[in-house]
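Good morning, and thank you for coming. I would ask you to keep the structure in view while I go through some of its features.

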Amino acid sequence: MRSKKTSLLLLFLALTTGLFAQQDSLKTYSLSLMEAIEFGLENNYQSKIAEKDIQIALQQKWEIIAQGLPQIGANVDYQNFLKQPVTLLPAAAFDNTQSTVDVVEKYFDNVNRNNEPVNSPEGFIPVTFGTKQSMNATATWRQLIFDGSYIVGIQSVKTLLQISKNAKTKTDLEIKKAIIHAYGNVLLAEESVEILQKNTTNLRKNYDDTKKIFENGLTEQEDVEQLEITLLNLENNLSRSKRMKSIAYDMLKISLGIPVESKVMLTNDLDELAMKYFDLSLLAQEIPVEENIDYRIAKNRAESADIQVKLQKAKALPTLSGFVNYGYQAYSDEFTFLDSEQEYFGQSILGVSLNIPIFSSGSRSAKTQQRKLEYEQALLDLERTENEIKRKINSAKIEYEFSLENYQNAVKNLELAQRIENKNQIKFFEGIASSFELSEAQRQLYTAQQNYLESMLQVITSKVELENLLDTRTYSPNN
């Protein structure tokens, strides 16, 4: 019994510990928009991947540089002839001297050692050379003296690193835009749900009041049904908005780089952000096109294509390399290489190698022409990108200016729609206005409310679009 109680206690402790650990891992984040941007730039998955790309580029930079630095390698070879090869020597090459007898005797010694008879052709003497086992240890120093491809590779290091840095900058700008969009969509969903709940509560009260009036015979059934239709549509929109709010929160969490099970609380509201992003001075801001990130990326592509042209030309140049090695060799019929008495023979070689490309049947020329055409394509794309950036900036300014005007109009339309709806509600209960007129005024109010919310979000998103195009930041680890 005691053992059973102990087991239950351990099980309870394990479950509660796991529960607390899970709760501790799922944090609650309370973030303003600026805090969300800073957090996302540090924790977003794409941002981390782009940062890793820079680290990879730094390693590639050293990889290219290291190719022209001394390279040292060593190798150890051990051989054991399980069956030594036999060489046939012509007997006529030997006269009937003691040396011939010694060779033959050595042959028969080898035959006896291997325990295998060897049948040799007539007129030849079969012999084996060397020992059964050998070991060779060599260290080699190699040095590249001249290689045109290496020189071009060194020149490309800066461009290679700059490509990854500009890619990181572009990624950060896109993450910033995505977070602002996601943050704004959450606020829009929150505001929509709140307004729809308020509208549903007010409309249900009107519906209940009208239903009682109908039951007392003071209004027509059509008035009740008209309000019921509006109420059902409103409740359906409310249900949909709640689902959209959940989706908006998940999108924000993904943009921030946190688990979707975590809880996020937003400290800004939509109206506050809309007023903060109301900045007419941005419309007059200008930047050199060359400082736009898309232009810099296109320029990187052109520089990379130019390097490829130089690389193909460099392959037609000679390459010169040198090496020095030093090693030891040892021989034995038994494995005695670790014995102190084992004799080792030293060897060393100094050498250079010159490789001169002479004729490639036009292959190198064709590859060079391909790279030149790709470079010309990159230059054309750079020119196209320059014009496209100018168009995007002009278009973004027009869109932002329109969003500011649209927001101001939405504020006025909402005020008018509220007054009209209030008047029609009073008239309806006084019997002056019909249920259709009241429903029409309510639908107009609901539309004005939604347009007002969307106009605030449009101000925020159109501004960040323009800001990204005018952004001249360059990569820095502390950005």
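This is a predicted model: local features need pLDDT of at least 70, side-chain atom pairs count only at pLDDT 80 or more; totals for chains, interfaces and linings use all residues.

For context, most residues other than glycine have a negative phi.

Leu 380 belongs to helix H9, which covers residues 363-429. Is Leu 380 buried or exposed? With a relative accessibility of 57%, Leu 380 is classed as exposed. In soluble globular proteins, nonpolar side chains tend to be buried together. The C-alpha atom of Leu 380 is separated by 9.9 Å from that of Ala 298, and the two residues are 82 apart along the chain.

The protein contains ten helices and eight strands. Of its 479 residues, 34% are buried. If we take contacts between residues at least 6 apart in sequence, 85% of them join residues at least 24 apart.

I turn next to helix H3, residues 45-66. H3 has 22 residues, and the distance from its first C-alpha to its last is 32 Å, close to the 32 Å expected at 1.5 Å a residue. Which residues of H3 are buried? They are Ser 47, Ala 50, Ile 54, Ala 57, Ile 64 and Ala 66. These buried residues pack against helix H2 (33-43), strand E2 (71-80) and helix H5 (148-215).

The N-terminal end of H3 deserves a moment. Asn 44, located in the loop between H2 and H3, caps that end: a side-chain oxygen of Asn 44 lies 2.8 Å from the backbone nitrogen of Gln 46. Asn 44 has a relative accessibility of 8% and therefore counts as buried, the limit for that class being under 20%. Once its neighbours within four places in sequence are left aside, Asn 44 is in contact with Ile 175, Ile 254, Ser 255, Leu 256 and Gly 257.

Strand E2, against which H3 packs, also takes part in a sheet. Four strands make up this open sheet, in the order E2-E5-E7-E8, with antiparallel pairing. Its edge strands are E2 and E8, the latter spanning 345-355, and each of them pairs on one side only. From one strand to the next, the twist averages 20°. Strands of a sheet pair through backbone hydrogen bonds, either parallel or antiparallel. Here E2 and strand E5 (residues 133-146) are joined in the antiparallel sense over ten bridges. As one example, Ile 72 has Trp 141 in E5 as its bridge partner.

Finally, the nonpolar core. How many residues does the largest nonpolar core have? The number is 63, and Tyr 183 and Leu 252 are the residues with the most contacts inside it. Helix H10 (residues 435-470) supplies the largest share of this core, with 14 residues. Leu 252, apart from its neighbours within four places in sequence, is in contact with Ile 179, Ala 182, Tyr 183, Val 186, Val 264 and Leu 266.

Technical notes. Residues are numbered from 1 along each chain as its sequence is written. Side-chain values use heavy atoms; hydrogens and water are left out. A nonpolar core is a set of buried Ala, Val, Leu, Ile, Met, Phe, Trp, Tyr and Cys residues joined through side-chain atoms within 4.5 Å. Buried means under 20% relative accessible area, exposed over 50%, partly exposed in between (1.4 Å probe, protein chains only). Helices (H or I, at least four residues) and strands (E, at least two) are DSSP runs, numbered from the N terminus. Contact means heavy atoms within 4.5 Å. The expected span of a helix is 1.5 Å times one less than its number of residues. A polar contact is a pair of N or O atoms within 3.5 Å; within protein, one must be able to donate a hydrogen and the other to accept it, and residues adjacent in sequence count only if both atoms are side-chain atoms. Two strands pair if DSSP finds at least two bridges between them. Axes are lines fitted to C-alpha atoms, for helices over the stretch in contact, and angles run from 0 to 180 degrees between N-to-C directions.
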